[in-house]
Amino acid sequence: MELTTMNHPYPIMMNLSGRRCLVVGGGAVAERKVKSLLQAGARVTIVSTEFTEGIIEMENHAEVVLYRQTFHPSIMIDESSDFASYILVVAATNDAKVNAHVHEIASRQGQLVNVVDQPQLSSFIVPSVVRRGKLVIAVSTGGASPSAARKIAQELDNAYGEEYETYLDFLSDLRLLIQSRVADKQARQRVFKEMLEWDVLAKIRGGTFESWKEKLYITLEKEPWM
Ligand SMILES: C[C@@]1(CC(=O)O)C2=NC(=C\c3[nH]c(c(CCC(=O)O)c3CC(=O)O)Cc3[nH]c(c(CC(=O)O)c3CCC(=O)O)/C=C3\N/C(=C\2)[C@@H](CCC(=O)O)[C@]3(C)CC(=O)O)/[C@H]1CCC(=O)O
Ligand SMILES: NC(=O)c1ccc[n+]([C@@H]2O[C@H](COP(=O)([O-])OP(=O)(O)OC[C@H]3O[C@@H](n4cnc5c(N)ncnc54)[C@H](O)[C@@H]3O)[C@@H](O)[C@H]2O)c1
């Protein structure tokens with residue numbers, strides 16, 4: 001049997017902060033997609049005949065709007081309505097025809113669309129994700145086995161501890177400092193590589209990181225930087 005999902009997916013990290021997204025359907029799958037959209041800072045409108053308890057609780061969230069109604073194309077087409085201008089659409093009902101209809105309208109309008117029961121129609125699929133502050137690890141099987149994607153992500157979840165959040169914040173701050181102080185591109189890149197060899201993670205785990213960082217910054221202040 002041939003795999004009908006994506007053979008060459010293009011992985012991207014999208015900035016959805018403040019962007020409007022539409023989820024059609026209010027079951028367990030819709031709830032999972034809404035949660036991940038909210039984590040990304042999106043504003044989410046959910047249209048469904050019924051909602052899970054979890055989605056109803058989300059109504060208190062400032063970025064969530066619920067409409068209890070049957071899907072109708074005007075929801076997505078009518079420019080004057082509250083529903084227009086979604087950057088991203090998720091078709092998550094348990095009715096394949098409705099999901100296909102949502103897909104058809106979204107595609108016609110050039111919107112990105114995820115169809116939860118027909119991956120072959122989707123312009124994007126959702127990976128399993130592990131987050132440690134600025135570090136985001138996304139695992140996808142291109143739809144071949146969502147449960148395998150989840151299992152692999154759980155393995156990575158165990159392998160990459162909480163210390164990675166502090167570590168990435170440190171690398172990010174230091175990188176900005178070096179970018180502002182070291183004019184020579186090659187010299188900058190040497191320092192970036194060298195930074196990765198310092199055993200910072202062990203220092204974070206061992207509780208000596210803050211005092212070490214303080215000393216490092218004092219030393220760096222004295223550096224001639226060229
Ligand atoms: C990663 C994750 C993200 C998320 O949903 O947020 C996600 N599915 C997750 C879990 C999961 N989904 C399913 C099971 C049951 C076991 C099983 O069937 O394996 C489990 C396991 C579980 O629940 O533990 C069933 C299932 N999933 C899809 C179909 C339809 C089809 O294949 O036709 C069916 C069959 C429905 C049926 O037959 O009735 C389709 C998709 N699911 C995807 C993503 C996309 C491909 C991802 C990839 O492979 O890269 C894709 C293509 C579209 C999309 O949804 O974007 C999330 C883990 C979140 C986490 O990490 O916690
Ligand atoms: N992508 C995935 O990760 C994944 C995982 C499991 C299942 N699925 C598929 O996703 C589908 C949805 O799963 P679920 O567990 O959330 O189903 P569910 O039955 O719990 O929820 C379906 C929701 O769709 C709403 N709905 C149905 N018809 C509608 C309409 N015409 N207009 C508006 N709302 C409508 C219902 O009110 C309900 O809230 C399943 O049919 C299954 O095929 C996908």
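Predicted model: local features only at pLDDT ≥ 70, side-chain atom pairs only at ≥ 80, totals over all residues.

Modeller: A residue is classed by counting C-beta atoms around its own, and 20 or more within 10 Å make it buried. Ala42 has 24 C-beta neighbours inside 10 Å, and therefore counts as buried. Its place is in the loop between H1 and E2.

Biologist: Which residues does Ala42 touch, leaving out those up to four places away in sequence?

Modeller: The contacts of Ala42 are with Leu16, Arg19, Cys21 and Leu37. Distances from Ala42 can also be set against separation along the chain. Ser17 is 25 residues from Ala42 in sequence, with 5.0 Å between the two C-alpha atoms. For Ala42 and Val126, the sequence separation is 84 residues and the C-alpha distance is 15 Å.

Biologist: Is Ser17 buried or exposed?

Modeller: Ser17 counts as exposed because it has 9 C-beta neighbours inside 10 Å, and the limit for that class is 12 or fewer. Ser17 belongs to the segment before E1.

Biologist: How many residues form the largest nonpolar core, and which have the most contacts inside it?

Modeller: That core contains 27 residues, and Cys21, Leu22, Val23, Val24, Val34, Val89 and Ala91 have the most contacts inside it. Several elements supply at least two residues each, among them strand E1 (20-24), helix H1 (28-39), strand E2 (43-48) and helix H4 (96-108). Val24 gives a local view: setting aside residues up to four places away in sequence, Val24 touches Val47, Ser48, Phe71, Val90, Ala91, Ala92, Thr93 and Val102.

Biologist: How should I read the division of the chain into domains?

Modeller: The bounds come from an automatic or database domain assignment. Here they give domain 1 (20-126), domain 2 (127-161) and domain 3 (163-222). The C-alpha centres of domain 2 and domain 3 are 27 Å apart. Six residues of domain 2 contact six residues of domain 3; on the domain 2 side, these are two nonpolar, two polar and two charged residues.

Biologist: What does Arg132 touch, not counting residues up to four places away in sequence?

Modeller: Arg132, found in strand E6 (residues 128-132), touches Tyr160, Glu162, Tyr164, Glu165 and Leu168. Its C-alpha atom is separated by 8.6 Å from that of Thr166, a residue 34 places away along the chain. Arg132 counts as partly exposed because it has 18 C-beta neighbours inside 10 Å.

Biologist: Let us turn to the ligands. How many residues surround ligand 1, and which are the closest?

Modeller: A shell is read by its members, their classes and the elements that supply them. Around ligand 1 there are 23 residues, of which Ser128, Ser140, Gly143, Pro146 and Ser147 are the closest. The shell comprises nine nonpolar, ten polar and four charged residues. H1 and helix H5 (146-159) each give at least two residues, and H5 has the largest share, with five. Domain 1 and domain 2 each contribute at least three residues to this shell.

Biologist: Where does Ala149 lie, and what does it touch beyond its neighbours within four places in sequence?

Modeller: Ala149 is part of helix H5 and is in contact with Pro127, Ser128, Val139, Ser140 and Thr141. With 21 C-beta neighbours inside 10 Å, Ala149 counts as buried.

Biologist: Which residues come nearest to ligand 2?

Modeller: Of the 21 residues around ligand 2, the nearest are Gly26, Gly27, Val29, Glu50 and Phe71. H1 and E2 are the elements that give two or more residues to this shell, and the largest share, three residues, comes from H1. By class, the shell has ten nonpolar, eight polar and three charged residues.

Biologist: Lastly, how many buried residues are there in H9?

Modeller: The count is zero among the 14 residues of H9, which is hardly covered.

Terms used. Residues numbered from 1 in each chain as written. Chains lettered and ligands numbered in written order. Core = buried A, V, L, I, M, F, W, Y, C linked by C-beta atoms within 7 Å. Contact = placed C-beta atoms within 7 Å. Near = placed C-beta within 6 Å. Nonpolar A, V, L, I, M, F, W, Y, C, P; charged D, E, K, R; others polar.
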